[in-house]
Amino acid sequence: MESSKNSLIPSFLYSSSSSSPRSFLLDQVLNSNSNAAFAEKSPAPAPAAARASPTMMLSRKNFLIASPTEPGKGIEMYSPAFYAACTFGGILSCGLTHMTVTPLDLVKCNMQIDPAKYKSISSGFGILLKEQGVKGFFRGWVPTLLGYSAQGACKFGFYEYFKKTYSDLAGPEYTAKYKTLIYLAGSASAEVIADVALCPFEAVKVRVQTQPGFARGMSDGFPKFVKSEGFGGLYKGLGPLWGRQIPYTMMKFASFETIVEMIYKYAIPNPKSECSKGLQLGVSFAGGYVAGVFCAIVSHPADNLVSFLNNAKGATVGDAVKKIGMVGLFTRGLPLRIVMIGTLTGAQWGLYDAFKVFVGLPTTGGVAPAPAIAAVTDAKA
């Protein structure tokens, strides 16, 4: 069973990295007490003052956290294999979920572009079914899958990297005190990179979905778009995309980490370490869904701008504001987007953490960060 499971993913995601100096140090730290116990035939309990806590022995500049291990697996936290696993988990979580909700996204985009025709969610589905048939609901699924897979890889992989980097720069005391700012800064930095990867695919997707007859999908839509507007046209919507996605992602990660921590603190009687993996993944989905509602609200005006600019050749932000109106920017298509983004974000966190558990890593959030633990331990020493 184990070998069949391992064969599903690249070996570097679950292979042991214990030969590295950092991992060797980690093994020494975590196993120091158990090794001492086996060194004597009849060991006597060591005095409490003489026993060194593993967290006390960790460097204050390298917050190395032990991850759960399973037979045949062993990924060191913050190692290259760890970031590779997070990147691959991001591909699965974002690419698959966005592709699945393509019908909702299709109706939402058309409600934003042509509200006179697509007046409601139900009428929007009815019009699409009548005019394009069932196949029309999945128009644009290829650029959606490719674009959001690329975005997810950068979003989750770089978030873990920047969160660790900013924690190291801040030091244990300030990281514990300003952890929400660490989450916000890390997620914003990651999204800047992720949107550069997403933008060309998003431009083609919106054009395919909102202009029937423009193209069947990515293969013919991409060259047709470039021929019409040049390669620069693919990034015409990058500014509004940043305006939509950076606040969205900051809310997505910071609120998720906070909500999950609150769930474990106030709603679940047992510590996270004593909860089953199924319960932990349920918490990830619930925290992600609530975070998604907040995400949809703060990023919706920019979402309307992105849809408008990618649909109309040569349009500007001023044209969009004049045509849609300030109230329309905040409200047009919002109910559907709340449902879509809430479900989407919950599923993304569920899939992402499920993959992390699969490769032997802990789920995201719910415990005090390593810097906080190290700071408290040092204060007591």
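## Packing of α5 against α8

The axes of α5 and α8 approach within 9 Å and cross at roughly 75°; axes here are lines fitted to C-alpha atoms, for helices over the stretch in contact, with angles running from 0 to 180 degrees between N-to-C directions. The two helices, α5 and α8, are therefore roughly perpendicular to each other, on a scale where angles under 35 degrees count as roughly parallel, over 145 as roughly antiparallel, 65 to 115 as roughly perpendicular and the rest as oblique. This is a predicted model, in which local features need pLDDT of at least 70 and side-chain atom pairs count only at pLDDT 80 or more, while totals for chains, interfaces and linings use all residues. Residues are numbered from 1 along each chain as its sequence is written, and side-chain values use heavy atoms, with hydrogens and water left out.

On the α5 side, T102, D105, L106, C109, N110 and I113 meet K205, Q209 and T210 of α8, contact meaning heavy atoms within 4.5 Å. The residues of this contact of α5 with α8 comprise three nonpolar, four polar and two charged. In this classification Ala, Val, Leu, Ile, Met, Phe, Trp, Tyr, Cys and Pro are nonpolar, Asp, Glu, Lys and Arg are charged, and the others, Gly among them, are polar.

## Overall architecture

The chain has 15 helices and zero strands; helices (H or I, at least four residues) and strands (E, at least two) are DSSP runs, numbered from the N terminus. Of the 381 residues in the chain, 48% are buried, where buried means under 20% relative accessible area, exposed over 50%, and partly exposed in between (1.4 Å probe, protein chains only). Among the contacts in the chain with a separation of 6 or more, 78% are between residues 24 or more positions apart.

## Packing of α8 against α11

Helix α8 also packs on helix α11 (residues 277-311), at an angle of about 75° and with the axes 9 Å apart. That makes α8 roughly perpendicular to α11. From α8, E202, A203, V206, R207 and T210 meet V306, S307, N310 and N311 in α11. By class, the contact of α8 with α11 has three nonpolar, four polar and two charged residues.

## Salt bridges

Side chains of opposite charge can pair when their charged atoms come close. The structure holds 17 salt bridges, each defined as a side-chain nitrogen of Lys or Arg within 4 Å of a carboxyl oxygen of Asp or Glu. One of them joins D105 to K108, with the closest N and O atoms 3.4 Å apart. Both D105 and K108 belong to helix α5 (residues 102-113), where they stand three residues apart, about one turn of the helix. An α-helix has 3.6 residues a turn, so residues three or four places apart point the same way. D105 is buried, with a relative accessible area of 10%, and K108 is also buried, at 3%.

A salt bridge between E191 and K155 has its closest N and O atoms 2.8 Å apart. Because E191 lies in helix α8 (residues 179-210) and K155 in helix α7 (residues 141-177), the pair ties together parts that are 36 residues apart in sequence. E191 is buried at 0% relative accessibility, and K155 is buried at 1%. Elsewhere, salt bridges that share partners join D105, K108, E202, K205, R244, D303 and R337 into one network.

K117 and E131 form a further salt bridge, at 3.0 Å from N to O. This pair links distant parts of the chain, with K117 in the loop between α5 and α6 (121-132) and E131 in helix α6, 14 residues apart. K117 is partly exposed at 35% relative accessibility, and E131 is partly exposed at 45%.

Just after α14, G360 adopts a positive phi of about 90°. L361 lies in the loop between α14 and α15 (370-380) and is buried, at 1% relative accessibility. L361 and A85 are 276 residues apart in sequence, with their C-alpha atoms 9.1 Å apart in space.

H98 is found in helix α4 (residues 80-100) and counts as buried at 13% relative accessibility. Leaving aside residues up to four places away in sequence, H98 touches T144, Y148, L344 and Q348.
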